[in-house]
Amino acid sequence: MAETLRGRLLENEPMAGHVSWRAGGAVAKAYFPADLADLAEFLRRLRPDEPMMMVGLGSNLLVRDGGFDGTMIFTHAALGVLRREEDGSVYVETGVASPKVARFAANNGMVGAEFLAGIPGTFGGALAMNAGCHGGETWNFVERVLMLTRRGDYLERTRDDFAIGYRHVGLKNATDEVFAAAWLRFPAGDGELARRKITELLEKRMASQPLDLPNAGSVFRNPPGDHAARLIEAAGLKGITEGGAQVSEKHANFIVNPGGAASAGEIERLIGRIQAEVREKFGVELVREVRIVGEAA
Ligand SMILES: Cc1cc2nc3c(=O)[nH]c(=O)nc-3n(C[C@H](O)[C@H](O)[C@H](O)COP(=O)(O)OP(=O)(O)OC[C@H]3O[C@@H](n4cnc5c(N)ncnc54)[C@H](O)[C@@H]3O)c2cc1C
């Protein structure tokens with residue numbers, strides 16, 4: 001007999017409260033699973049043609065003002081297991097915040113995970129984006145992952161099943177799976193040193209990023225051999241606005257939303273303006289890193 005669902009289903013849920021940009025439209029259905037087993041059961045019941053998307057902490061995501069006509073599944077409060085396995089690997093469910101993984105590794109005498117301390121999303125988001133900074137990249141440390149299919153079946157996969165690139169990861173032979181958990185392997189090392197590195201890294205970020213205003217991190221990928229922020233600044237675009245959205249004065253590859261006043265449309269129009277100006281001035285096509293979904297208003 002099928003289990004009963006134990007999570008929470010909300011309808012017409014405004015997404016501005018679930019994304020770090022604090023802007024955007026609503027999702028038709030929002031499911032907050034109770035745990036991994038409950039998520040699998042929810043997927044088993046979901047109509048196969050229902051548009052569906054996983055959401056972590058929304059730190060790389062914008063839903064257009066007309067909303068997302070489908071189901072979004074929120075992992076953060078549900079998929080929270082983080083433990084050291086007997087073989088020395090780290091098992092992490094995808095709702096765990098990436099900075100927590102950084103601290104856990106350091107506290108367990110492992111090195112290499114420090115970069116995750118500055119990436120304010122879930123580990124699921126880090127897997128989906130191959131999040132990275134300061135020379136570290138999520139997939140460098142992934143041994144294998146636990147996937148859930150749209151039918152709610154579990155499946156283990158190794159790195160070889162994925163095409164892994166800069167801020168991009170894709171399954172080579174399937175599309176209908178989401179990340180449930182991962183097993184990570186970090187080298188053993190000086191945990192105290194790793195903790196100090198985390199503190200330094202966070203101080204650097206506080207000094208260089210507009211962390212006091214709603215934002216979604218770097219808007220564009222860095223083009224080969226260059227920096228998006230450098231190009232945007234050189235194009236004279238620092239500080240320009242589109243409605244309530246502004247190119248950050250502190251870091252030109254960030255768009256900020258002071259007071260949460262911007263619509264998703266204003267943020268997207270500002271993104272388009274930056275791309276057009278940088279194309280015209282330098283002939284470089286800036287590729288968006290942030291994910292934008294849903295319908296325009
Ligand atoms: C201040 C700031 C600094 C940042 N710095 C960095 C940085 O240095 N480096 C960097 O790479 N990024 C950075 N980011 C961007 C962002 O934090 C990362 O991309 C992060 O990994 C996204 O995680 P999330 O849980 O917020 O994902 P979300 O924004 O919720 O989702 C992003 C994408 O991941 C998918 N996804 C989420 N969970 C799953 C899952 N379980 N299964 C399948 N797909 C899933 C979503 O469907 C969506 O397509 C920064 C963001 C901010 C706000």
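Colleague: Where is the place of Asn12 in this predicted model?

Modeller: Asn12 sits in strand E1, residues 8-14. The model is a predicted one.

Colleague: What is the phi of Asn12 near?

Modeller: The general idea comes before the case. Most residues other than glycine have a negative phi. Asn12 has a positive phi, near 50 degrees, and is not a glycine.

Colleague: Is Asn12 buried or exposed?

Modeller: The cut-off for exposed is over 50% relative accessible area. Asn12 has 57%, so it counts as exposed.

Colleague: What about Arg22, and where is its place?

Modeller: Arg22 lies in the loop between E1 and strand E2, which spans 26-32. Its phi is positive too, near 55 degrees, in a residue other than glycine. Arg22 has 42% relative accessibility and counts as partly exposed.

Colleague: How many bridges join E1 to E2?

Modeller: Again, the general idea leads. Strands of a sheet pair through backbone hydrogen bonds, either parallel or antiparallel. E1 and E2 are joined by six bridges and run antiparallel. Pro14 has Ala26 in E2 as its bridge partner.

Colleague: Do E2 and strand E5 run parallel or antiparallel?

Modeller: Parallel, with four bridges between E2 and E5, residues 68-74.

Colleague: Next, strand E7. Which residues of E7 are on one side and which on the other?

Modeller: The strand covers residues 90-93. Val90 and Val92 are on one side, Tyr91 and Glu93 on the other. All of these are buried, and both faces of E7 are therefore covered. Buried here means under 20% relative accessible area.

Colleague: How many bridges join strand E6 to E7?

Modeller: Three bridges join E6, residues 82-84, to E7, and the two run antiparallel. Arg83 stands opposite Tyr91 in E7. The hairpin of E6 and E7 has five residues between the strands. In that hairpin, Gly88 takes a positive phi near 90 degrees.

Colleague: How many bridges join E7 to strand E14?

Modeller: Four, and E7 and E14 run antiparallel. E14 spans residues 177-184. Val92 has Ala182 in E14 as its bridge partner.

Colleague: Now an open sheet. What is the order of its three strands?

Modeller: The order is E15-E16-E17, with antiparallel pairing. Strand E15 (241-242) and strand E17 (255-256) stand at the edges. Each has a single partner strand, so one side of each is left without a neighbour in the sheet.

Colleague: How many bridges pair E15 with strand E16?

Modeller: Two, in the antiparallel sense, with E16 at residues 245-247. Thr241 has Gln246 in E16 as its bridge partner.

Colleague: On to single residues. Where does Leu155 lie?

Modeller: Leu155 lies in strand E11, residues 154-158. Its relative accessible area is 31%, and Leu155 is partly exposed.

Colleague: Which residues does Leu155 touch, not counting those up to four places away in sequence?

Modeller: Leu155 touches Val145, Leu146, Met147, Thr149 and Glu177. Leu155 and Phe123 are 32 residues apart along the chain, and their C-alpha atoms are separated by 18 Å.

Colleague: And Gly265, is it buried or exposed?

Modeller: Gly265 is buried, with a relative accessible area of 17%. Gly265 is found in helix H6, residues 264-282. Gly265 and Ala16 are 249 residues apart along the chain, yet their C-alpha atoms are separated by 13 Å.

Colleague: Step back to the chain. How many helices and strands are there?

Modeller: The chain has six helices and 18 strands. Its radius of gyration is 19 Å, close to the 19 Å from the globule rule for 297 residues, so the chain is as compact as a globular protein of that length. The C-alpha atoms fill a box of roughly 60 × 50 × 35 Å along the principal axes.

Colleague: What share of the residues counts as buried?

Modeller: Of the 297 residues, 52% count as buried. Among contacts with a separation of 6 or more, residues 24 or more positions apart account for 63%.

How values were computed
Residues are numbered from 1 along each chain as its sequence is written. This is a predicted model: local features need pLDDT of at least 70, side-chain atom pairs count only at pLDDT 80 or more; totals for chains, interfaces and linings use all residues. Side-chain values use heavy atoms; hydrogens and water are left out. The radius of gyration is taken over C-alpha atoms; the globule rule is 2.2 Å times the number of residues to the power 0.38. Buried means under 20% relative accessible area, exposed over 50%, partly exposed in between (1.4 Å probe, protein chains only). Contact means heavy atoms within 4.5 Å. Two strands pair if DSSP finds at least two bridges between them.
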